[in-house]
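Trainee: Could we go through a model together, one point at a time?

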Amino acid sequence: MTEKEKLYKLCILDLLIAIDEDVVDWRNYPKLWDAIRFADNVLDIWAGDNLKEMRNQLEEEVAF
């Protein structure tokens, strides 16, 4: 995975966490669900994994 893909994945993970914590309601954004499904397929995000754990691990790899 390229650095750019890792950054995209971090953004999507942050968004998914916000949705999971009811900070963002994806139903207010009709195209968002399609974008998340596409990101899931391309970046292999949503396989029942712990999103926060996945984000933390990826942040370490990107080395902010």
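This is a predicted model: local features need pLDDT of at least 70, side-chain atom pairs count only at pLDDT 80 or more; totals for chains, interfaces and linings use all residues.

Trainee: Which residues of α2 are buried, and on how many degrees of arc do they lie?

Mentor: The buried residues of α2 are Leu-32, Ile-36, Ala-39 and Leu-43. In an α-helix there are 3.6 residues a turn, so residues three or four places apart point the same way. Around the axis of α2 these residues lie on the same side, because their arc is only 60 degrees.

Trainee: Which exposed residues does the opposite face of α2 carry?

Mentor: The buried side of α2 has α1 as part of its cover. The face turned away from that side carries exposed residues, namely Phe-38 and Asn-41.

Trainee: How far apart are the end C-alpha atoms of α2?

Mentor: α2 has 12 residues, and at 1.5 Å a residue it should span 16 Å. The model agrees with that expectation, as the end C-alpha atoms are apart by 16 Å.

Trainee: Is Lys-6 buried or exposed?

Mentor: Lys-6 is found in helix α1. Beyond its neighbours within four places in sequence, Lys-6 is in contact with Met-1, Leu-58, Glu-61 and Val-62. Its relative accessibility is 13%, and the limit for burial is under 20%, so Lys-6 counts as buried.

Trainee: What is the phi of Asp-22?

Mentor: Asp-22 is in the loop between α1 (3–20) and α2 (32–43). Its relative accessible area is 69%, so Asp-22 is exposed. Although Asp-22 is not a glycine, it has a positive phi of about 60 degrees.

Trainee: Which residue just after α2 takes a positive phi?

Mentor: The phi there is about 55 degrees. The residue just after α2 with this positive value is Asp-44.

How values were computed. Residues are numbered from 1 along each chain as its sequence is written. Side-chain values use heavy atoms; hydrogens and water are left out. Helices (H or I, at least four residues) and strands (E, at least two) are DSSP runs, numbered from the N terminus. Buried means under 20% relative accessible area, exposed over 50%, partly exposed in between (1.4 Å probe, protein chains only). Contact means heavy atoms within 4.5 Å. The expected span of a helix is 1.5 Å times one less than its number of residues. The arc is that of the directions from the helix axis to the C-beta atoms.
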